[in-house]
Amino acid sequence: MFRYCLFLFAIFASSLSFAFSYTLELTEDELQEKIEALMPMTKKKFFVTVMISDPNISLRENSQEIGIQSRIEVIAPGNIKGTGRGEIRGTLVYNAMEGTFYFSQPTVVNLVVDKVPEKLTPKIQSIAQLAAANVLSNRPVYTLKDENLKHTLAKSVLKSVEVKNGKLIVTLGAF
C-alpha cells in the first residue's frame, strides 16, 4: 500500500512540476534589441580606450552559446586610432532570486583592429574583455515580468537553455 501511495505521489508531483514549467523563446531580433540597449561599452585602462558598439547577435545552433559581432574602436597614446571587429561569446545564466538572465563569461575572440600595431592587440583584447564583462555580466539581458503569472510560477528553477531554429529556448520550472 505504501509503495502504491508513493507511486501515485511521484506521478502527481511530476505532472505538477510539468504544469508549472514555462518555455520562453527569444529570437535573435529580441536579443539584438536587448544587447543594443547595453551599447556602447567603453573601457579605459593604461591610457588605452576601447569602445564596443554596433552589436550583431548570432545564436549558435544546438548549443547554449550566443555570439555578438561588434565594432571595436581603439584610441591609444601616440595618436593611435583604429577600428575593427571582434566577437564576444558567452552563455546566459539565470538568477532565480531576481528572475533575470545575464550574459555569462563573455570572451572576446577574432579581434581585428586596423591602424593599430599588432603588438597592442592582446592588450586591446584584454581591455575589450573587461568592458564586456563589466557591462554584460552585470546588466540583465532579459527579466521575467512579475505581472505575468506564468513567469512568477516559473521563476525558481532554470531547467534548460538551448538554441534551436534560430531561437533561444529557455525552459523554467517551479521545481
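**Close-ups of a ring cluster**

**Figure 1. The whole chain at a glance.** The protein chain exposes about 10,200 Å², and carbon and sulfur atoms supply 56% of that (accessible areas come from the Shrake-Rupley method with a 1.4 Å probe; for residues, only the protein chains shown count as cover). This is a predicted model: local features need pLDDT of at least 70, side-chain atom pairs count only at pLDDT 80 or more, and totals for chains, interfaces and linings use all residues. Residues are numbered from 1 along each chain as its sequence is written, and side-chain values use heavy atoms, with hydrogens and water left out. You'll find four helices and nine strands in the protein chain (DSSP runs numbered from the N terminus: helices are H or I, at least four residues; strands are E, at least two). Of the 175 residues, 39% count as buried (under 20% relative accessible area; exposed is over 50%, partly exposed in between; 1.4 Å probe, protein chains only).

**Figure 2. Tyr94 meets Phe101.** Rings of Phe, Tyr and Trp (its six-membered ring) pair if their centres lie within 6.5 Å; planes under 30 degrees apart count as stacked, over 60 as edge-to-face and the rest as tilted. That rule gives two aromatic pairs. In one, the Tyr94 and Phe101 ring centres sit 4.8 Å apart with planes at 40°, so this pair is tilted. Tyr94 is buried at 14% relative accessible area, and Phe101 is buried at 1%.

**Figure 3. Phe101 meets Tyr142.** Phe101 and Tyr142 also make a tilted pair, 6.3 Å centre to centre with 50° between the planes. Phe101 belongs to strand E6 (residues 100-113) and Tyr142 to strand E7 (residues 142-143), so the pair ties together parts 41 residues apart in sequence. Tyr142 is buried too, at 10% relative accessibility.

**Figure 4. Three rings together.** Ring pairs link Tyr94, Phe101 and Tyr142 into a cluster.
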